[in-house]
Amino acid sequence: MDRKAVIIGAGFAADMHIQALKALGIQVVGVAAGHRDSAKGFAEKNQIPSYGVSVEEVMEDDVTDVHICTPPNSHAELIKKMLNAGKNVICEKPLCITEKEAQDIRRFMDENLRHGKKTGRLVLDYNVRFFAAVKKIREIIKSGKYGKVVLVHGNYMQDFHALPSIYDWRYRSDMSGPMRAVTEIGSHWFDLAQFVTGSNITGVSATFKKAAEYRILNDGVMSSEDDNMEEDFGDKKIHIDSEDAASVTLQFSNGAMGNVLLSEISHGRSNHLFLEVDMMDGSVWWNEEDPNKLYHGKKNDPIAVEISAFNGGFNESVIELFKEFYFGEGDSKILPDVNSGLQIVRICNAVHDSSRQHSAWVNVKQ
Ligand SMILES: NC(=O)c1ccc[n+]([C@@H]2O[C@H](COP(=O)([O-])OP(=O)(O)OC[C@H]3O[C@@H](n4cnc5c(N)ncnc54)[C@H](O)[C@@H]3O)[C@@H](O)[C@H]2O)c1
């Protein structure tokens with residue numbers, strides 16, 4: 001059957017999805033978004049039809065695949081609606097905000113399966129899994145070449161929220177949940193660490209940092225109080241509820257220990273995701289900003305760099321994920337599914353609980 005895709009959402013992620021779909025030659029038959037005008041603008045730019053704000057019409061049409069590119073508060077409901085209508089779903093990360101929502105999605109899928117009801121397939125866009133170097137790290141660890149994993153550590157730093165920055169749904173807990181750095185970028189790092197090690201994060205201890213309690217909002221752009229001369233900021237002064245950065249210590253189910261620094265305020269870092277895995281007989285490390293280089297370390301040997309010149313960067317990782325979704329085997333083991341999505345939601349929420357309890361150790365439900 002010919003695949004017909006629709007995108008829900010018309011922002012940053014939607015752009016990334018449509019580019020990847022175009023690259024793969026998959027027919028995109030429309031877009032729906034939270035505002036009629038943004039759907040229309042996106043439709044015109046990409047020369048596709050617009051559903052306006054009507055996701056109901058998407059459900060009724062003979063669409064086969066739906067790409068959910070909306071803020072996290074809308075994911076659970078949209079996923080269930082689209083699966084129920086028999087559509088396959090690729091949903092942006094994170095799966096949703098609360099564990100209850102994630103459990104509801106899983107229960108809904110299990111029940112449909114039990115009752116023989118045909119529903120679509122659900123995959124999450126944890127695209128970092130699809131860098132060639134990341135797949136290689138996973139193979140190296142699985143092969144046992146360097147022995148058992150002892151440490152898994154790194155950082156994920158961006159400057160998207162360094163000032164001046166745009167005010168959007170990420171600053172609204174009703175749309176993004178109570179966290180920002182942890183769910184926006186930490187979720188990718190946690191998924192990556194679990195994916196390459198084949199081991200779950202079972203416990204966390206976390207500390208959060210905000211650069212400042214307040215920012216000044218002018219015409220949709222935030223700046224710092226220090227950059228503004230006014231005495232009384234009035235309504236322009238907004239309280240920042242979520243963390244700009246987090247430091248998280250981790251325990252893995254295979255006995256390894258880890259830690260990660262997450263920051264959305266590190267100037268000059270556009271997408272610095274770094275991961276190192278130290279094993280008994282060797283280490284490997286990788287940085288998403290220089291994605292085609294995979295480093296190997298072994299005591300007394302020079303550091304070795306594996307270079308794969310043709311594998312590409314961020315956009316290609318999304319294309320690779322979509323390729324597996326659209327053209328791969330139905331039982332792909334590397335596509336992020338509802339279970340991995342649920343696990344990341346649990347990790348993020350355990351991180352939140354720990355930060356609220358002065359970095360107390362919090363076990364992650366398995
Ligand atoms: N995989 C990645 O690397 C990556 C990168 C960026 C964003 N994301 C994820 O993508 C999602 C969207 O982020 P974004 O940066 O594109 O946001 P955005 O603000 O740029 O776009 C959000 C879009 O969703 C629409 N929308 C909001 N609520 C809706 C609803 N209930 N029904 C239909 N449309 C609705 C808005 O109208 C808007 O067009 C988030 O979950 C984010 O975490 C993932």
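Buried area is the accessible area (1.4 Å probe) that two parts lose on being put together, summed over both. The views below show a predicted model, in which local features need pLDDT of at least 70, side-chain atom pairs count only at pLDDT 80 or more, and totals for chains, interfaces and linings use all residues. Residues are numbered from 1 along each chain as its sequence is written, and side-chain values use heavy atoms, with hydrogens and water left out.

**View 1. The interface of domain 1 and domain 2.** The protein chain is divided into domain 1 (4-124) and domain 2 (130-313 + 331-363), with bounds that come from an automatic or database domain assignment. Between them the two domains bury about 1,700 Å², 65% of it on carbon and sulfur atoms. Lys93, Ile97 and Arg106 supply 30% of the area that domain 1 buries against domain 2, more than any other three residues. In contact (heavy atoms within 4.5 Å) are 19 residues of domain 1 and 21 residues of domain 2.

**View 2. The salt bridge of Lys93 and Glu184.** A salt bridge is a side-chain nitrogen of Lys or Arg within 4 Å of a carboxyl oxygen of Asp or Glu. The side chains of Lys93 and Glu184 form one at 3.5 Å, N to O. Between domain 1 and domain 2 the count is two salt bridges.

**View 3. The cis peptide bond of Lys93 and Pro94.** Most peptide bonds are trans. Lys93 and Pro94 are joined by a cis bond, with omega about -10°. Pro94 sits in the loop between strand S5 (88-91) and H5; helices (H or I, at least four residues) and strands (E, at least two) are DSSP runs, numbered from the N terminus.

**View 4. Thr197 in helix H8.** Helix H8 covers residues 181-197 and includes Thr197. Thr197 counts as buried because its relative accessibility is 11%, where buried means under 20% relative accessible area, exposed over 50% and partly exposed in between (1.4 Å probe, protein chains only). A polar atom of the Thr197 side chain lies 2.6 Å from the backbone oxygen of Ala193. Leaving aside residues up to four places away in sequence, Thr197 touches Ile141, Val149, Val152 and Phe252.

**View 5. Asn300 and Ser359, with positive phi.** Most residues other than glycine have a negative phi. Phi of Asn300 is near 75°, and that of Ser359 is about 70°. Asn300 belongs to the loop between strand S17 (293-297) and strand S18 (304-307) and is exposed, with a relative accessible area of 75%. Ser359, in the loop between helix H10 (338-356) and strand S19 (362-363), is partly exposed at 25%.

Conventions
Polar contact = N/O pair within 3.5 Å; in protein donor to acceptor, adjacent residues only side chain to side chain.
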